[in-house]
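Look at the sequence and the structure before reading on.

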Amino acid sequence: MLKGLSAKLRESLEKLARSGADKEAVEELLRDMQRSLISADVDVRSVHEMTEALRKRCQDDMLPGMTRKEHVIKAVYEELTRIMGEKKPDVSLGRKKILLVGLYASGKTSTAAKLARFYKKKGLRPALVACDTIRPAAYEQLQQLAEKIEVPFYGEKGEKEPARILSNALKRFDEDVIIIDSAGRNALESELIDEVKRLNETAKKSVKEGESLEKILVLPADIGQAAREQAASFHEALGITDVIVTKLDATAKGGGALTACHQTGAKVKFITVGEGVDDLELYNPEKFVSRLIGFADLETLLEKARSNIDEDKAKKIIKGDFDIEDFYSQIEGVRGMGSLSQLMDTMGLGKMAKKVPDMDVQEAKMKKWKYIIQSMTAEERANPDVVNSSRIRRISRGSGCTEAEVRELLSNYHKSKKMMKMISPGKLKRGGMAGLFRQFGLK
Ligand SMILES: Nc1nc2c(ncn2[C@@H]2O[C@H](COP(=O)(O)OP(=O)(O)OP(=O)(O)O)[C@@H](O)[C@H]2O)c(=O)[nH]1
Ligand SMILES: [Mg+2]
């Protein structure tokens with residue numbers, strides 16, 4: 001899948017991990033990334049924006065105990081996820097009707113069967129309806145697939161109006177998930193739009209309380225950036241709810257299709273990766289990017305990079321040589337990367353995340369700390385010792401947190417400073433992030 005992109009990216013990330021993450025290596029990586037993304041048909045502006053964001057992040061301060069290499073690799077992962085779509089799709093398992101639309105050969109009919117199979121495996125009862133009256137043998141194609149996966153099928157040979165077929169099917173079926181295959185066209189012609197609108201109206205009328213109607217646009221990955229225009233036009237005509245990107249196994253342009261969908265705000269719900277009825281996957285951008293750059297490789301890379309700790313930064317922290325600004329930047333850094341558990345997962349620390357209780361509580365606490373520190377003056381941040389009771393009162397008012405919470409943060413800062421002074425360099429190396437979180441009162 002996106003083989004070209006994947007191989008190139010891996011190569012440049014590996015090169016970076018082997019050498020250093022100095023300015024030159026980072027620039028080389030950015031250049032390689034630009035080249036690979038553009039060859040995967042991602043639009044030039046997004047590529048440019050992404051590399052700019054990456055360049056900036058590569059210069060940012062890092063978490064102590066983390067090398068610049070780790071920092072860069074993680075930033076690459078996160079920025080890629082950002083352009084591929086950040087959210088995992090929701091799949092409701094309630095009763096629904098699904099109308100599949102798209103141009104010729106986009107993969108509607110095969111996707112209809114794949115979806116039926118998907119919901120059947122979830123324990124629902126799907127049914128397939130053939131509403132393509134244009135393509136020769138469209139009826140037989142879906143009928144055969146329905147037989148193969150043992151799902152009820154309805155179609156009418158000879159009937160020219162798809163909405164009539166649908167109406168009859170809807171009278172007959174009481175299945176949980178009714179999947180409607182429609183006809184494609186060579187281009188976005190008004191005839192096609194009118195036809196899917198009529199199907200939509202018919203389907204809409206049949207939707208009972210508690211049921212939903214999904215209007216899914218099927219887009220083949222090989223159209224690359226043209227996905228943007230199609231998604232926009234179909235959305236305008238029909239108000240599509242989701243997109244399925246097909247044939248990701250067979251093209252190097254998938255990057256373009258996926259990023260284009262994300263840009264139009266169209267949610268990619270599933271991807272298909274082969275012709276078999278089981279070749280359908282929920283689209284999970286994080287997983288997708290992990291696979292793209294090879295998650296196993298990413299972990300190995302992080303491992304490699306970790307064994308070569310940034311000594312200067314570590315020394316500074318070990319000596320307890322940090323002010324509340326440093327403390328603040330750690331919190332900012334972590335928050336900027338999304339949730340803690342996600343961060344730990346990303347860094348290959350998933351196991352540890354499970355050991356740390358109440359991640360949500362911790363995150364809520366960190367948010368408060370952030371507000372508190374933002375309510376402190378520069379002087380107070382640099383020298384927290386000057387924060388007396390009246391200042392605590394003011395900071396409490398400014399941050400919307402209680403005085404006890406302000407005191408707790410200050411006490412944690414002092415405690416972590418003291419503990420950092422006591423901790424040996426060896427321990428910090430071994431403990432890495434875990435030790436650090438503990439020091440910050442986040443255990
Ligand atoms: N490699 C690969 N081929 C696919 C995938 N999905 C569909 N195809 C193939 O693409 C071709 C077109 O698929 P259909 O499902 O018939 O497309 P359609 O949108 O129904 O086409 P029309 O009915 O003509 O509009 C078929 O040969 C499918 O087997 C996929 O994920 N990977
Ligand atoms: Mg078809």
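Q: Against which helices do the buried residues of H3 pack?
A: This is a predicted model. Contact here requires heavy atoms within 4.5 Å. By that test the buried residues of H3 pack against helix H2 (23-39), helix H4 (68-84) and helix H10 (254-264).

Q: Which residues of H3 are buried, and how wide an arc do they cover?
A: A residue counts as buried under 20% relative accessible area. In H3 that applies to Ser46, Val47, Met50, Thr51, Leu54, Arg57 and Cys58. They lie on the same side of H3, because the arc they cover around the axis is only 125°.

Q: Which exposed residues does H3 carry on the face turned away from its buried side?
A: Exposed means over 50% relative accessible area. On the face of H3 turned away from the buried side, the exposed residues are Val44, Arg45, Lys56 and Gln59.
In an α-helix, residues three or four places apart point the same way, because there are 3.6 residues a turn. The exposed residues on that face of H3 are, again, Val44, Arg45, Lys56 and Gln59.

Q: How far does H3 reach from its first C-alpha to its last?
A: H3 has 16 residues. At 1.5 Å a residue, 22 Å is expected. The reach in the model is close to that, at 23 Å.

Q: Is Glu49 buried, partly exposed or exposed?
A: Glu49 is found in helix H3 (residues 44-59). Its relative accessibility is 47%. The exposed class begins over 50% and the buried class lies under 20%, so Glu49 counts as partly exposed.

Q: What distance separates the C-alpha atoms of Glu49 and Ile83?
A: Glu49 and Ile83 are 34 residues apart along the chain.

Q: Why do the buried residues of H6 lie on the same side, and what arc do they cover?
A: The buried residues of H6 are Ala138, Tyr139, Leu142, Leu145, Ala146 and Ile149. They are placed on the same side of H6 because, around the axis, they cover an arc of only 140°.

Q: What do the buried residues of H6 pack against, and which exposed residues are on the face turned away?
A: The packing partners are helix H5 (108-121), strand E2 (126-131), strand E3 (153-154) and strand E4 (177-182). On the face of H6 turned away from its buried side are the exposed residues Gln144, Glu147 and Lys148.

Q: How far apart are the end C-alpha atoms of H6?
A: Helix H6 (residues 138-149) has 12 residues. At 1.5 Å a residue it should span 16 Å. The value in the model agrees with this, at 17 Å.

Q: Is Thr111 buried or exposed?
A: Thr111 is in helix H5. Beyond its neighbours within four places in sequence, Thr111 is in contact with Leu100, Val218, Ile244, Thr246 and Thr272. Its relative accessible area is 1%, so Thr111 is buried.

Q: What share of the surface of ligand 1 does the protein bury?
A: An oxygen atom of ligand 1 is 2.8 Å from a polar backbone atom of Gly107, and a polar side-chain atom of Asp249 lies 2.8 Å from a nitrogen atom of ligand 1. Taken alone, ligand 1 exposes 650 Å², and the share buried by the protein is 83%.

Q: Which helix gives the largest share of the shell around ligand 1?
A: Among the 19 residues around ligand 1, Lys108, Thr109, Ser110, Thr272 and Glu275 come nearest. The largest share of the shell is four residues, and they come from H5.

Key: Residues are numbered from 1 along each chain as its sequence is written. Chains are lettered from A and ligands numbered from 1 in the order in which they are written. This is a predicted model: local features need pLDDT of at least 70, side-chain atom pairs count only at pLDDT 80 or more; totals for chains, interfaces and linings use all residues. Side-chain values use heavy atoms; hydrogens and water are left out. Helices (H or I, at least four residues) and strands (E, at least two) are DSSP runs, numbered from the N terminus. The expected span of a helix is 1.5 Å times one less than its number of residues. Buried means under 20% relative accessible area, exposed over 50%, partly exposed in between (1.4 Å probe, protein chains only). The arc is that of the directions from the helix axis to the C-beta atoms. A residue is near a molecule or strand if one of its heavy atoms lies within 4 Å of it. A polar contact is a pair of N or O atoms within 3.5 Å; within protein, one must be able to donate a hydrogen and the other to accept it, and residues adjacent in sequence count only if both atoms are side-chain atoms. Accessible areas come from the Shrake-Rupley method with a 1.4 Å probe; for residues, only the protein chains shown count as cover.
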